[in-house]
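Here is a short briefing on one protein model. Look over the sequence and the structure first, then read the points below.

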Amino acid sequence: MAAVSEHLELRAGRLAVDLAPAIGGSIARFQIDGIDVMRPLSDASRKAGNVLGVASFPMIPFANRIGGNAFEFEGQRYEFAANNPPEIYHVHGTAWHRPWTAEQAGKASAVLSLEVADPSSYSYRAEQRFTLTDAGLELVTRVTNTGERTMPFGFGHHPWFDRDADTTVQFRARTFHLNEPEGMIGQRITLPPDVSFDTTQPLPRYWRCSDYGGWDGSATVSFPSRGAGITMKGDAPYRHVMFYADPALNVFCVEPQTNASGAFNRPEGFGDAEDGVIVLAPGESTEGTLRFEPFRI
């Protein structure tokens, strides 16, 4: 019988993935040979149900922030409450603060689902299908518009990584969005070389919270002192990577997502295809696949 589960364990060869369906449908831990390749959920955060303490959580029905906590679409205005204090914005959608249902659970696979019904904005069904093999974790995210209105959608995943002194990051992109006040992401420009990760780079010495567009679908995070790393691969819908690193914190994020941060309230509206917004009529669905491939160094 489908039920909300506190904890699921997937195992395949050298790989171990723990899921926390009750805490935002999240990945709680990801290891290769007992080495963490994402920041693990601590006992204290698990007890508190702290989704900001997980290894990775889903962002649905859009990824990252909405400027002004509102947007207009097809003549209708939609407003959202701030949901991550002390931030002033609604961020990451409505799926990460809700418990998910474990519809299927096996030794190396699981299906988590979520039903949201909100007549004032988004009504949808979301599924996450996890399959662990010796090579890595495949995560298929599927979102269906169950509401009565055509709506703009997006989705992504929000991994957290512990910061080591020798951590490196590499991914290719074509564009870069300039930052605006209060953490918003604004104008798109050609990717400046000084902020590029086209070649392997250490974590920046300065604060960074940036959207990279035209992502080529592969991002690698390496932890040489641990002797391990992880490559994340996204299929065609995943056009963007959100990169967050604050030197004052011992964590950082590399977030594959379909839509650009801030894409749901641009001055020009929803006309820019590069923003990656997916429009779904009632009953329509969209899906994308991420592959997480840990490795030893």
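In this predicted model, S56 is in contact with S26, I27, M38, H157, H158 and P159, leaving aside its neighbours within four places in sequence. S56 itself is found in strand β5, which spans residues 56-59.

**Around S56**
- S56 is buried, because its relative accessible area is 0% and the cut-off for buried is under 20%.
- The side chain of S56 reaches the backbone oxygen of H158 at 3.4 Å.
- H158 is also one of the residues in contact with S56.

**Strand β21**
- Strand β21 covers residues 240-245. Six of its six residues are buried, so the strand counts as mostly covered.
- H240, M242 and Y244 point one way from β21. V241, F243 and A245 point the other way.
- Why two sets? In a regular strand the side chains alternate between the two faces of the sheet.

**Partners of β21**
- Strand β18 (residues 208-213) is joined to β21 by six bridges, and the two run antiparallel.
- Within that pairing, R208 has A245 of β21 as its bridge partner.
- Strand β22 (residues 251-257) also pairs with β21 in the antiparallel sense, over six bridges.
- Here Y244 has C253 of β22 as its bridge partner.
- A hairpin of five residues links β21 to β22.

**Nonpolar cores**
- Which residues touch the most other members of the largest nonpolar core? They are Y124, F252 and V254, in a core of 68 residues.
- A second, separate core has 18 residues. Among them are M59, V91, W96 and C209.
- M59 falls in strand β5 (residues 56-59), the strand of S56.

**Largest pocket**
- The volume of the largest pocket is about 450 Å³.
- Its lining is made of 23 residues. R65, N84, E87, W160 and Y244 are the closest to its centre.
- Strands β13 (156-162), β21 and β22 each supply at least two residues of this lining.

Conventions. Residues are numbered from 1 along each chain as its sequence is written. This is a predicted model: local features need pLDDT of at least 70, side-chain atom pairs count only at pLDDT 80 or more; totals for chains, interfaces and linings use all residues. Side-chain values use heavy atoms; hydrogens and water are left out. Helices (H or I, at least four residues) and strands (E, at least two) are DSSP runs, numbered from the N terminus. Buried means under 20% relative accessible area, exposed over 50%, partly exposed in between (1.4 Å probe, protein chains only). A polar contact is a pair of N or O atoms within 3.5 Å; within protein, one must be able to donate a hydrogen and the other to accept it, and residues adjacent in sequence count only if both atoms are side-chain atoms. Contact means heavy atoms within 4.5 Å. Two strands pair if DSSP finds at least two bridges between them. A nonpolar core is a set of buried Ala, Val, Leu, Ile, Met, Phe, Trp, Tyr and Cys residues joined through side-chain atoms within 4.5 Å. On a 1 Å grid over the protein atoms alone, a cavity is a set of points where a 1.4 Å probe fits but cannot get out, and a pocket is an open set with protein on both sides within 12 Å along at least five of seven lines; lining residues have an atom within 4 Å of a point. Grid points are joined across faces, edges and corners, and a volume is the space filled by probe spheres set on the points.
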